[in-house]
Amino acid sequence: MSSSVNATQPAGWRLVSVAAAISVSMGMLTLSSAALASANLLSNGSFESPVLTPGTNYAIETVGAVTLPAWSIVGPVGKNVALIEATYSLPDAAGINFAAADGVQWIDLTGGGSNAYEGVKQTVVLSPGSYDVSFFVGNVVKPGGPLGVTSAVDLWINGVNIQTFTNTGAGGGGINWTRYSYSFNASGATSIALMNADGPGDHLNGLDHVTLQAVPEPTSALLLLAGLLAVTAQMRGGRAISGKREK
Ligand SMILES: [Ca+2]
């Protein structure tokens, strides 16, 4: 039916409409990819809230407290993590740049001398599907000092210890921030927890820019591709009909 409609229209108009259809299809593909890529399903994933007063350097976030918006502080009672600002400095770490991986604040999972199995946890409700969780682990290599040489973070999903991610990178005068990610399927209430897996003598284990993103369904991309192929086939069919009529 569409071929006959096209055959009655001027060839120039037909080409313009086909080009417009392809353009719209590709635009939808780009838009849907961009929207999915930019949507972080976690809140306060960069730990920019609460805003620390400049010069404060850090704030202790105690296990069980509700001082870190969207996150729970989890671990043994009385332990803590520390919210750090980029201008933080230590007598033992003179000259080290504590810049955040994203924004101006980050979390030290070893806390203020806490050094236990503590961390941060957030629960979100997800539609059935595939998801990517990603986060930056910050490390400083300073052998023999309080900051240690590695930073290890355990990822827990729905109460299951998934994997330990260990950053051994040196920052060259600052923190080495390395991004890690993990893909999984989920449905309904889903908890994400990131825990300090450093040894007791290591007083630096950075965490920043935690994201949770939906992975685009392959079927959505395939449907768009099928649409593009249909438009292309229609264009070729229109040319064939047009060619016959010209003879
Ligand atoms: Ca941050």
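A nonpolar core is a set of buried Ala, Val, Leu, Ile, Met, Phe, Trp, Tyr and Cys residues joined through C-beta atoms within 7 Å. In this predicted model, the largest such core has 37 residues. Trp 106, Ile 107, Val 120, Val 153, Leu 194 and Leu 207 have the most contacts inside the core. At least two core residues come from each of strands E3 (80–85), E4, E5, E6 (151–157), E8 (176–196) and E9 (206–214).

Ile 107 touches Phe 47, Val 81, Leu 83, Val 120, Leu 207 and Asp 208, with residues up to four places away in sequence left out. Two of these partners, Val 120 and Leu 207, are named with Ile 107 among the core residues with the most contacts.

The overall fold is as follows. The protein chain contains three helices and nine strands. Their order along the sequence is α-α-β-β-β-β-β-β-β-β-β-α. Of the 247 residues in the chain, 27% are buried. Contacts between residues at least 6 apart in sequence were also examined; 77% of them join residues at least 24 apart.

The mean pLDDT is 83, and 77% of residues reach 70 or more. Residues 1–10 have pLDDT below 50, and this stretch makes ten contacts in the model beyond near neighbours in sequence. Residues 241–247 also have pLDDT below 50, with four contacts beyond near neighbours. Where pLDDT is low, the predicted coordinates should not be read in detail.

Strand pairing was examined next. E5 and E8 are antiparallel and pair over 19 bridges. Within this pairing, Tyr 131 has Phe 184 of E8 as its bridge partner. E8 also runs antiparallel to E6, and five bridges join the two. Asp 154 stands opposite Met 195 in E8. Ile 157 has Ile 192 of E8 as its bridge partner.

E6 is joined in turn to strand E7 (residues 160–167). These two strands are antiparallel, with seven bridges between them. The bridge partner of Val 153 in E7 is Phe 165. Val 153 is also one of the core residues with the most contacts. The E6 and E7 hairpin has two residues between the strands. In this hairpin, Asn 158 takes a positive phi near 50 degrees.

Ile 192 lies in strand E8. It counts as buried because 26 other C-beta atoms lie within 10 Å, against a cut-off of 20 or more. Ile 192 touches Lys 121, Gln 122, Val 133, Ile 157 and Leu 212, residues up to four places away in sequence not counted. Ile 192 and Leu 155 are 37 residues apart in sequence, yet their C-alpha atoms are 7.3 Å apart.

Val 63 sits in the loop between E1 and E2. Val 63 has 19 other C-beta atoms within 10 Å and is therefore partly exposed, since a buried residue needs 20 or more. Beyond its neighbours within four places in sequence, Val 63 is in contact with Ile 73, Val 74, Gly 75, Pro 76, Val 77, Gly 78, Lys 79, Asn 80 and Glu 118. Val 63 and Val 120 are 57 residues apart in sequence and 8.9 Å apart in space, C-alpha to C-alpha.

A cis peptide bond joins Ser 49 and Pro 50, with omega about 0 degrees. Pro 50 is in the loop between helix H2 (11–38) and strand E1 (58–62). Ala 70 is not a glycine, yet has a positive phi of about 80 degrees. The loop between E1 and strand E2 (72–74) holds Ala 70. Ala 70 counts as partly exposed, with 15 C-beta neighbours inside 10 Å. Asn 115, likewise not a glycine, has a positive phi of about 50 degrees. Asn 115 falls in the loop between strand E4 (105–108) and strand E5 (119–139). With 19 C-beta neighbours inside 10 Å, Asn 115 is partly exposed.

Technical notes: Residues numbered from 1 in each chain as written. Predicted model: local features only at pLDDT ≥ 70, side-chain atom pairs only at ≥ 80, totals over all residues. Helix = DSSP H or I, 4+ residues; strand = E, 2+ residues; numbered from the N terminus. Buried ≥ 20, exposed ≤ 12 C-beta atoms within 10 Å, placed from the backbone. Contact = placed C-beta atoms within 7 Å. pLDDT = per-residue confidence, 0-100. Pairing = 2+ DSSP bridges.
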